[in-house]
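I opened this entry to note what I looked up in the structure.

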Amino acid sequence: KNLEKRGLIETVTSEELVNITEKKTLGLYCGADPTAKSLHLGNLLPLMILLHFNLRGHNVTSLIGGATGAVGDPSGRTTERDAMAQETRLTNVDRIKDQFKKFFSEGVEYAKSRNPLILKEKSKGEYSLRNNHDWWKDIYMLDFLARYGKFIRINQMLARDSVKSRLSTEQGLGFNEFTYQILQAYDFYHLNKNHQVDIQVGGNDQYGNIVAGVDLISRMKKVETFNKDRDAYGITVPLLTTSAGVKFGKSAGNAIFIDKELTPSYQIYQFMYNTTDEDVQKFMYKFSLLPLNVIDKIISKHNEDKRKRVGQITLAIEMCDLIHGEGEGFD
């Protein structure tokens, strides 16, 4: 309910997920391919969901796509990704690994100062960082097709929005990108089977890939014995846009990177300081751990005299401290 109020939930694959979050310790993961040097503001939405769960005692995993990054995800794209040199991709893998680790370690410290009651209610869950290259490097194509091919349905693959939208274009869709959903589905299956991961979290353009994973896990459990008491679910976050409908992200050309070398704290501060009045509360709900009632009081104070930009200043401080560490918003 807290995440819904914060505007972090777009869809869930099953309504029963709401009922089990308080009854058992869950495992969640989200992934990122090394297609750039840094994660950006849009990537933080699924990470914020993981952080909220982790602070409340659930176990979370961040997955770097060392293998899938070589293939390319067609989701949310109208054209094929440019090929990336292996050396560049490996460098990006290392950088994003460090960003994942820093976000969750700094996130705990940030939570202690902003909403310490979260950590008093339950002890923090475990955090893991994984690279899907670790299991894909040992899988051979013929072996994979023989073992898993019959559990993957072509009609469902063709029905994915990411596939249908590209098939209707002149460029079409390469076989590498067409099979991406299989790779991501297998990642979810591997994590569910071997690391007790119940939930995949991703952007709303990942819904088809997430459902493919849920479906593969369901089919495999009919022929294998593993985690019979752990079902698979998916959560998607909304597309990050301003009140004017402007999208954030690398492809939109207005990315706010979380790497301090690419986007220094003062740039994040300035960007958030210039946020419109309509967006301040929405962004503070999503990107801070301040209690909701505290945010509402800040917005009420802001509305008394919008020229003082109380909301924008608070948002700018929260974003800098969340992304770059405690005290960054005051530098």
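The model I worked from is predicted.

Entry 1, positive phi. I kept in mind that most residues other than glycine have a negative phi. I looked up Asn-227, which sits in the loop between H12 and strand S6 (233-237). Its phi is near 45 degrees, a positive value in a residue other than glycine. Asn-227 counts as buried because its relative accessible area is 17%, under the cut-off of 20%.

I then turned to Gln-196, in the loop between H11 and strand S5 (199-203). Phi of Gln-196 is also positive, near 55 degrees. With a relative accessible area of 37%, Gln-196 is partly exposed.

I searched the whole structure and found one cavity of 30 Å³ or more. The largest cavity has a volume of about 110 Å³. Helix H8 (154-159), helix H11 (180-195) and helix H12 (207-220) each give two or more residues to its lining. Among the lining residues I noted Phe-151, Arg-153, Gln-156, Gln-181 and Asp-215. The lining divides into seven nonpolar, two polar and three charged residues.

I checked the length of H16 (residues 310-324): at 1.5 Å a residue, its 15 residues should span 21 Å, and the end C-alpha atoms are 21 Å apart, which agrees. Of the 15 residues of H16, 13 are buried. Just after H16, I found Gly-325 with a positive phi of about 120 degrees.

Note on methods: Residues numbered from 1 in each chain as written. Predicted model: local features only at pLDDT ≥ 70, side-chain atom pairs only at ≥ 80, totals over all residues. Heavy atoms only, no water. Helix = DSSP H or I, 4+ residues; strand = E, 2+ residues; numbered from the N terminus. Expected span 1.5 Å × (residues − 1). Buried < 20%, exposed > 50% of the residue type's maximum accessible area, 1.4 Å probe, protein only. 1 Å grid on protein atoms, 1.4 Å probe; cavity = no way out; pocket = protein on both sides within 12 Å on 5 of 7 lines; lining within 4 Å. Points joined across faces, edges and corners; volume = space filled by probe spheres on them. Nonpolar A, V, L, I, M, F, W, Y, C, P; charged D, E, K, R; others polar.
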